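Please look over the structure shown below. A short report follows.

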Amino acid sequence: MASNQDLRYVDTKPAPRVSKGTLTKMIWRSTMLQASFNYERMQSAGWLWAMLPGLEEVHTNKQDLATSMTHNMDFINTHPFAVTFVMGIVLSMEQLKSDVQTIRSVRISVAAPLGGIGDALFWYTLVPITAGLTANMAIGGSIMGPVLYFIILFGCEMALRYGLMYASYNLGMKAVSMMTEYAQEFTHAASVLGVFVVGALIANYGGGTKLGITIANGEAPIVIQNYLDMILPCLLPLLLTLLMYFLIKKKGWTPVKCIGLILVLGIVGAMFGIWTGGYTPLIPVPWTVS
Amino acid sequence: MNIIEIVLLAIVTFIFAIDQFSLTEIAYRPIVACPIIGLILGDVQTGLVIGGTYELMMIGNMPVGGAQPPNAVLGSVVAMIFAVKAKMDINAALGACMIFATFGQYVVTLTFTVMSGLMAKADKAAEEGNPAGITQVNVISCLILGSLFAVIAVIAYVGGIALSPALESLSKNASWFMGGLSAAGGMMRFVGFAILLKIMLANDMWGYLLAGFVCALVIGNIGTISAATLLLVAFIGVAIALNDFRVNGMKKKIEEGGFSDGI
């Protein structure tokens with residue numbers, strides 16, 4: 001992770017606009033955003049793979065490409081169909097050789113809120129409506145049900161990917177070139193936003209990490225998590241994030257080592273029925289798991 | 001028992017397993033997948049009926065926010081096998097497939113955990129500026145996910161409904177392990193956050209981190225607006241960032257002497 005520290009590109013001369021062919025390639029590659037989805041970085045490896053045609057065209061300097069690839073492996077989670085919006089903005093910043101710190105902050109700040117909008121539009125609105133229209137056709141035995149379903153949804157998905165890519169790439173080019181005079185101040189402001197959004201992510205994505213210990217007590221069972229919530233809601237997610245930050249930043253732990261620690265915490269915890277989740281602990285314990 | 005059917009079934013299951021997170025993200029949905037499986041098993045009509053019914057069941061059970069509902073791909077494949085091969089009626093098949101769908105969910109949890117470990121390989125490839133290494137990581141992940149799904153589909157085809165009791169007891173005995181894996185899976189994102197913070201979090205920014213945390217907590221607990229939490233929080237964040245930009249921009253101007261006129 002040494003190159004994490006490189007905050008500037010060696011070659012700071014803005015690259016020419018990437019070709020239409022490259023943008024198209026990135027749009028199609030964006031369909032594999034979640035190819036190696038995982039709990040640690042979520043979509044990052046798929047994101048980087050989708051960005052690569054653009055990054056390779058923009059960063060002709062080998063060291064800059066490595067720097068860019070490294071920070072594009074940061075945690076990211078956004079809506080898979082709306083991702084091209086983030087890609088276009090990040091690509092324009094990469095192309096204009098913005099400060100790496102700024103790119104990182106803008107990347108996560110744009111990606112995170114998009115997830116919610118995308119879900120609301122697609123999974124909660126378009127899919128149920130389309131399913132309502134076509135499912136009964138299928139049940140009635142018509143092959144047109146599935147065909148229509150696929151065409152409507154896939155068509156909307158690809159139109160969204162195309163439209164957002166071009167819109168955000170052009171927007172990013174305009175916005176980023178305006179920022180050059182105040183680059184340093186912009187970097188600071190972007191980091192403020194980035195840190196603010198990560199703080200929100202801890203509460204928003206971390207809510208699943210809870211204790212499941214419930215001690216039988218007649219009418220009023222004692223739920224340990226409720227006491228923790230009285231101290232601070234989402235206390236465990238916050239503490240665990242700070243612990244990981246401490247281990248990585250101060251103790252020089254690698255992410256893999258952190259993952260290992262968490263795996264042990266999770267599995268050993270479940271042996272004793274500490275975490276929530278409705279399973280049966282391996283070891284008989286005097287409490288139930290909620 | 002028909003070898004061609006088994007091979008084709010394994011292939012489409014492999015593809016649907018990847019499709020549920022990548023590719024079209026539409027083709028794996030029961031309404032599309034079931035008729036295709038029906039085509040392989042020789043009964044498209046049943047595929048249409050099961051697909052439509054399952055699709056309606058799934059409204060309100062969407063794969064959002066990282067939650068893993070019983071897996072729709074294995075649900076579809078196994079419901080079709082039971083309905084066409086074991087001649088079960090449609091509702092019985094949909095009920096009996098659920099234990100397999102639960103295993104699909106386990107496989108997904110397992111793959112997402114294993115792939116966290118492989119991020120180190122991707123980091124290394126990135127550091128070396130090696131695009132082929134990134135491709136490799138993505139291919140490995142797709143292979144793991146697709147193959148595990150294909151294997152379970154074949155097991156369901158060969159073993160049929162007779163397997164259910166064994167699966168039920170396995171699922172019960174392994175429940176602590178799967179519970180532990182999903183608890184760990186839920187916590188692994190904190191490592192991803194920590195890596196982000198390692199670079200972004202300057203000493204003057206701790207307050208912003210906590211403020212973002214609080215905003216998400218407050219908004220996330222108001223039922224009517226909680227679905228839009230991150231967007232709403234981002235709006236507040238933009239206002240704070242604009243203010244930060246303005247203050248620091250003014251400071252720069254003052255330092256350059258640009259503001260001294262008239263004061």
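Which handedness does the crossing of H5(A) and H7(A) have? The crossing is left-handed. The model is predicted.

## A helix pair in chain A

Helix H5 of chain A covers residues 100-139, and helix H7 of chain A covers residues 183-206. Their axes come within 8 Å. They cross at roughly 40°. Angles under 35 degrees would count as roughly parallel, and 65 to 115 as roughly perpendicular. H5(A) and H7(A) are therefore oblique to each other.

On the H5(A) side, the contact is made by Gln101(A), Thr102(A), Arg104(A), Ser105(A), Val106(A), Ile108(A), Ser109(A) and Ala112(A). H7(A) contributes Phe186(A), Thr187(A), Ala190(A), Ser191(A), Leu193(A), Gly194(A), Val197(A), Val198(A) and Leu201(A). By class, this contact of H5(A) with H7(A) has nine nonpolar, seven polar and one charged residues.

## Fold and dimensions of chain B

Chain B has 11 helices and zero strands. Read from the N terminus, its elements run α-α-α-α-α-α-α-α-α-α-α.

The C-alpha trace of chain B spans about 90 × 45 × 35 Å along its principal axes. The radius of gyration of chain B is 25 Å. A compact globule of 263 residues would have a value near 18 Å.

## Where chain B touches chain A

The contact between the chains takes 112 residues from chain A and 99 residues from chain B. On the chain B side, the elements that give two or more residues are helices H2 (30-41), H3 (44-58), H6 (98-127), H7 (131-159), H9 (175-200), H10 (206-220) and H11 (229-256) of chain B.

Which of these helices gives the largest share of the side of chain B that touches chain A? That is H9(B), with 26 residues. By class, the side of chain B that touches chain A holds 62 nonpolar, 27 polar and 10 charged residues.

Methods
Residues are numbered from 1 along each chain as its sequence is written. Chains are lettered from A and ligands numbered from 1 in the order in which they are written. This is a predicted model: local features need pLDDT of at least 70, side-chain atom pairs count only at pLDDT 80 or more; totals for chains, interfaces and linings use all residues. Two residues are in contact if their C-beta atoms, placed from the backbone, lie within 7 Å. Helices (H or I, at least four residues) and strands (E, at least two) are DSSP runs, numbered from the N terminus. Ala, Val, Leu, Ile, Met, Phe, Trp, Tyr, Cys and Pro count as nonpolar, Asp, Glu, Lys and Arg as charged, and the others, Gly among them, as polar. Axes are lines fitted to C-alpha atoms, for helices over the stretch in contact, and angles run from 0 to 180 degrees between N-to-C directions. Angles under 35 degrees count as roughly parallel, over 145 as roughly antiparallel, 65 to 115 as roughly perpendicular and the rest as oblique. A crossing is left-handed if the near helix is turned anticlockwise from the far one by less than a right angle, and right-handed if clockwise. The radius of gyration is taken over C-alpha atoms; the globule rule is 2.2 Å times the number of residues to the power 0.38.
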